[in-house]
Amino acid sequence: MLLMREAWAESEVHPLAGPVDIKAGETGSIRVLRGQLLRITAAGEGAVASLFGFSLSDPAVWLSVHHTRVFSNSYLLGSGMRLVNNRRRPVMVLGKDSVKRHDLLLPGSTTAWLAERGYQGDGCIESVKSELARLGMNVPKLPDPINLFMHVRLTREGDILPETNRTQPGDSITCRVVADTVFVVSACCTGIEGNDKPAPLKLSVAENLSAFDEE
């Protein structure tokens, strides 16, 4: 199974990070070690989780939506898909997914862009930069995010069409992480029609699926 532990992890010590609750309009982060499971859960209706990831050993290596699309030859996330970094090495594998609607095409929002469109609050980019500063992480570049739970579709003509977000509280994705990574997740407004009502999120880490049921 995709989310089963592999033999190499059984003899290693893997301290678990505690769960992180992210308020609507804010950003949080969590450290996940090789072999552990990461679960990102919607804690409100219409949630969108803009996901970034940076290697714990080298912040110049990051989760890359661009390389993930090329590596998988797809702009859609699916079960078993490997999400890779900017050196084309796997970061994690998508396992359980209750939503099955995610965006791999759109950039993170900025405060100025949101203001131009009549929204208030911090943009995704500024909020993520603040979280990285809090962590003391100096990254050479802030890549585009993977927008989990965002409902958009691509037409044959190449148009990106936002659709009404149908994510419900309790919806989640679970991935097996295969490289020590700090994940930064934004619950800020996207400014994308139908996906523009920020909702809280929860980040949690476990060694196996049954551990999530004990939370």
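Student: Which residue in S12 is the bridge partner of Gly28?

Tutor: This is a predicted model, in which local features need pLDDT of at least 70 and side-chain atom pairs count only at pLDDT 80 or more, while totals for chains, interfaces and linings use all residues. Residues are numbered from 1 along each chain as its sequence is written, and side-chain values use heavy atoms, with hydrogens and water left out. Strands (E, at least two residues) and helices (H or I, at least four) are DSSP runs numbered from the N terminus, and two strands pair if DSSP finds at least two bridges between them. Strand S2 (residues 27–32) pairs with S12 in the antiparallel sense over six bridges, and there the partner of Gly28 is Val185.

Student: Which residue in S12 does Phe52 stand opposite?

Tutor: Strand S4 (residues 49–55) and S12 run antiparallel and are joined by six bridges. Within S12, the residue opposite Phe52 is Val184.

Student: How many of the six residues of strand S12 are buried?

Tutor: Buried means under 20% relative accessible area, exposed means over 50%, and partly exposed lies in between (1.4 Å probe, protein chains only). On one side of S12, Thr181, Phe183 and Val185 are buried, and on the other Val182, Val184 and Ser186 are buried, which leaves both faces covered. S12 is therefore largely enclosed by the rest of the structure, the number of buried residues being six of the six.

Student: How many residues has the largest nonpolar core?

Tutor: A nonpolar core is a set of buried Ala, Val, Leu, Ile, Met, Phe, Trp, Tyr and Cys residues joined through side-chain atoms within 4.5 Å. Those with the most contacts inside the largest core include Ile40, Met92 and Phe183. Among the elements that give two or more residues to this core are S2, S4 and S12.

Student: Is Gln36 buried or exposed?

Tutor: Gln36 is placed in the loop between S2 and strand S3 (37–42). A polar atom of the Gln36 side chain lies 3.2 Å from the backbone oxygen of Pro15. Contact means heavy atoms within 4.5 Å, and the residues that Gln36 touches, not counting those up to four places away in sequence, include His14, Cys175 and Val205. At 0% relative accessibility, Gln36 counts as buried.

Student: Is Pro19 buried or exposed?

Tutor: Pro19 is found in the segment before strand S1 (20–22). Leaving aside neighbours within four places in sequence, Pro19 is in contact with Lys202, Leu203 and Ser204. At 56% relative accessibility, Pro19 counts as exposed.

Student: Which strands stand at the edges of the open sheet of six strands?

Tutor: The order of this open sheet is S1-S13-S3-S11-S6-S5, with antiparallel pairing. Each edge strand has a single partner strand, so one side of each is left without a neighbour in the sheet; these strands are S1 and S5 (82–84).

Notes: A polar contact is a pair of N or O atoms within 3.5 Å; within protein, one must be able to donate a hydrogen and the other to accept it, and residues adjacent in sequence count only if both atoms are side-chain atoms.
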